[in-house]
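Open the model in your viewer and keep the selection panel at hand. Each stop says what to pick and what is there.

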Amino acid sequence: MTDDALAPWHAHVYFTQADRDGADALHRQLGALKDSGDLPDLLFVGRPCEGPAGPHPIPQYEIHFHQRALPQLMPLLRASGLRVLVHPLTHDDLADHTTLAQWIGEPLALDLATLDPPGVNQGFARFGKSDF
């Protein structure tokens, strides 16, 4: 992890049908924080993916933010009661999703075979702009 306040980070908010209402409520809350400018380092709130996407085995949506947003975002993510994977965006996609990541809630087994090789991370090109 870097000490750079503007370092890029992602979070993946997972949901099942049973907790979809909570995931939707958090999605709306995050979107409102982004749109209002109340959390200026929250750059992107992605659309919910209804099935597996990339390494993520169940429905999820991702958010993009700068590292300095962590103190504001982490309590919101924890309070949601949802499973969330929070990780930096570095040049090692595998490490980002494993050794550099932290889980809120019960971890999921990710499909690591879909991740970019070390030195390549396609997430940089879409940081703050788009999800999968």
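Start with β4 and β5: they run antiparallel, joined by three bridges. Strands here are DSSP E runs of at least two residues, helices are H or I runs of at least four, and both are numbered from the N terminus. Two strands pair if DSSP finds at least two bridges between them. Now pick L85: its bridge partner in β5 is W103.

A word on the ground rules. This is a predicted model, in which local features need pLDDT of at least 70, side-chain atom pairs count only at pLDDT 80 or more, and totals for chains, interfaces and linings use all residues. Residues are numbered from 1 along each chain as its sequence is written, and side-chain values use heavy atoms, with hydrogens and water left out.

Strand β1 (residues 8-14) pairs with β4 (residues 83-88) over six antiparallel bridges. Select Y14 and find R83 opposite. Then select H10, which faces H87 in β4. Five of the six residues of β4 are buried, so the strand is largely enclosed by the rest of the structure. Buried means under 20% relative accessible area, exposed over 50%, and partly exposed in between (1.4 Å probe, protein chains only).

What is the strand order? The open sheet of five strands reads β2-β3-β1-β4-β5, with antiparallel pairing. At the edges stand β2 (42-45) and β5 (102-104); each has a single partner strand, so one side of each is left without a neighbour in the sheet. Neighbouring strands are turned by 20 degrees against each other on average, direction ignored.

Now select L110, in the loop between β5 and α4 (123-126). Is L110 buried or exposed? L110 has 15% relative accessibility, so it counts as buried. Beyond its neighbours within four places in sequence, L110 has contacts (heavy atoms within 4.5 Å) that include Y14, L85 and W103. H97 is 13 residues from L110 in sequence, and their C-alpha atoms are 8.4 Å apart.

Finish on the helices. Bring up α1 and α2 (residues 70-79): their axes come within 11 Å and cross at roughly 160 degrees. Axes are lines fitted to C-alpha atoms, for helices over the stretch in contact, and angles run from 0 to 180 degrees between N-to-C directions. The two helices are therefore roughly antiparallel (over 145 degrees). Show side chains: L26, Q29, L30 and L33 of α1 meet L73, L76 and L77 of α2.

Technical notes:
Angles under 35 degrees count as roughly parallel, over 145 as roughly antiparallel, 65 to 115 as roughly perpendicular and the rest as oblique.
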